[in-house]
Amino acid sequence: MLPVKKFTDFIEQNNLFTPGSALLAAVSGGMDSVLMVHLLKSSGYNFSIAHCNFQLRGHEANSDQEFCRQLAHQNNVPFHTINFDTLNYAADKKISIQMAARELRYQWFEQLKLQYNYSAIALAHHQNDAIETILLNLVRGTGIAGLHGILPKNGSLVRPLLFLSRDGIAEIIKKNKIGYVEDSSNASVKYARNKLRHEVIPKLRELNPALESTFEKNLEHFREMETLLELRLAELKNELLTIKGDEIHLQTDALKKLKPQRLLLFKLLQEYGFNETTVEDLISALDKHSGKIFEAAYFTLILDRDKLILAKKNNKKQEEISITATDHTITYGNYKLTLLHDDTPLIIKDNPMAASVDAEKIIYPLSMRAWRQSDSFYPLGMKTRKKLSDFFISLKIPLHKKNEVPLLINGNGDIIWIGGYRLDERYKVNNNTKKVTIFELYLI
């Protein structure tokens with residue numbers, strides 16, 4: 001007899017799918033997926049079969065494909081199949097054949113799901129697959145998430161056979177005289193998973209004959225620990241992360257008090273692409289001078305005095321632009337700059353986004369650009385030259401914001417105006433000024 005009751009109980013307990021769901025069953029023809037087909041049929045579920053031919057085993061692969069076609073016909077269920085050029089795909093993507101096969105099949109399953117409105121994709125993983133996954137993750141390096149093994153439900157992917165071991169499946173197949181096909185590549189130990197299956201796990205079973213049940217209990221503990229960590233992280237995000245416009249700020253004093261610091265800080269920053277090595281470097285820098293920058297693919301983390309600033313990278317470098325005397329409006333990055341020529345010596349006050357400049361001192365063409373390390377100017381009200389880097393520090397302008405500040409440059413190379421911040425003393429309107437040019441910046 002088939003374990004239909006245990007099968008349906010496991011499905012209900014893990015909320016995998018409902019009796020009325022339309023399922024897509026991924027079937028290779030091996031005993032695991034064939035048993036899943038028989039259990040789905042005996043339980044009265046509505047399902048179709050999908051089979052991938054990766055064209056890696058010649059006639060054997062074609063025979064498996066035909067077997068699955070007949071299996072669908074015998075059970076009177078729809079059948080989907082596809083032939084993949086796996087070797088060329090792997091070569092083009094520069095990935096392993098195993099990874100190529102994985103990508104191809106899951107992409108296709110998702111296409112079928114959308115096309116035929118399937119509610120879930122049923123996969124025939126069992127307890128031993130979960131053990132192999134955990135061991136592989138441990139060997140390659142993993143966090144808590146890698147220890148929960150294969151989940152019964154992950155999005156639209158469901159695994160209704162996780163209540164069974166490989167030996168349990170083999171016994172059911174034998175007792176019920178169910179036919180299946182054997183993939184000869186499963187016997188090869190050139191693949192890491194097969195090496196674990198045939199060489200490592202048998203040795204572990206010698207130490208613990210109840211290996212599968214022990215691992216199942218361990219999996220429950222690991223999943224509970226992962227849930228506990230996720231709840232703590234949710235609390236920390238509410239406590240520590242402050243949204244400031246397009247940035248996220250984290251106070252360094254609070255980060256220093258985290259326990260365990262490395263784990264919690266890594267998990268807070270992991271979703272932004274920061275790895276453990278970067279987090280370790282960050283922890284070492286927390287008590288040192290500010291100004292340190294840490295980078296991930298799409299985000300930058302700046303240690304800025306009493307806080308960390310997390311900002312999305314702006315990988316588009318703003319090009320320097322030229323401004324002529326006849327221009328009235330130009331665009332620079334996120335700014336629009338307007339020019340207004342006036343015959344009266346008008347002075348702009350209380351508007352940092354506008355500057356009134358002595359027109360007779362302007363040499364066209366002007367330019368607008370980002371700052372450079374060698375830049376210096378005479379800040380309005382001062383008679384001495386000041387490095388722009390020091391000026392930025394005095395105003396506490398964060399490191400990642402400096403490149404966004406527009407500089408108006410005269411034709412002779414002088415800085416006329418630090419857009420939004422300070423005019424140069426040499427270009428201010430004075431008693432001798434007859435005409436002015438007013439520059440005004442607008443965020444767009």
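In which helix is the place of Ile 97?

Reply: Ile 97 sits in helix α5 (residues 97-116). Helices here are DSSP runs of H or I, at least four residues long, numbered from the N terminus. This is a predicted model, with residues numbered from 1 along each chain as its sequence is written. Local features need pLDDT of at least 70, side-chain atom pairs count only at pLDDT 80 or more, totals for chains, interfaces and linings use all residues, and side-chain values use heavy atoms, leaving out hydrogens and water.

Ile 97 counts as partly exposed, because its relative accessibility is 33%. The classes are buried (under 20% relative accessible area), exposed (over 50%) and partly exposed in between, with a 1.4 Å probe and protein chains only.

Now the salt bridges. The structure holds 23 of them. Each is a side-chain nitrogen of Lys or Arg within 4 Å of a carboxyl oxygen of Asp or Glu. Arg 166 pairs with Asp 129, with the closest N and O atoms 4.0 Å apart. Arg 166 lies in helix α7 (residues 166-175) and Asp 129 in helix α6, so the pair ties together parts 37 residues apart in sequence. Both partners are buried: Arg 166 at 19%, Asp 129 at 8%. A network of salt bridges links Asp 129, Glu 132, Arg 166, Arg 193 and Arg 197.

Asp 129 and Glu 132 of α6 are also among the residues that meet α8, where Arg 193 and Arg 197 are among the partners. Contact means heavy atoms within 4.5 Å. The axes of α6 (residues 127-140) and α8 (residues 192-207) come within 10 Å and cross at roughly 100 degrees. That makes the two helices roughly perpendicular.

Two other bridges have partly exposed partners. Arg 262, at 38%, bridges to Glu 276 at 2.9 Å, N to O. Glu 276 has 39% relative accessible area.

Technical notes. Axes fitted to C-alpha atoms, helices over the stretch in contact; angles between N-to-C directions. Parallel < 35°, antiparallel > 145°, perpendicular 65-115°, else oblique.
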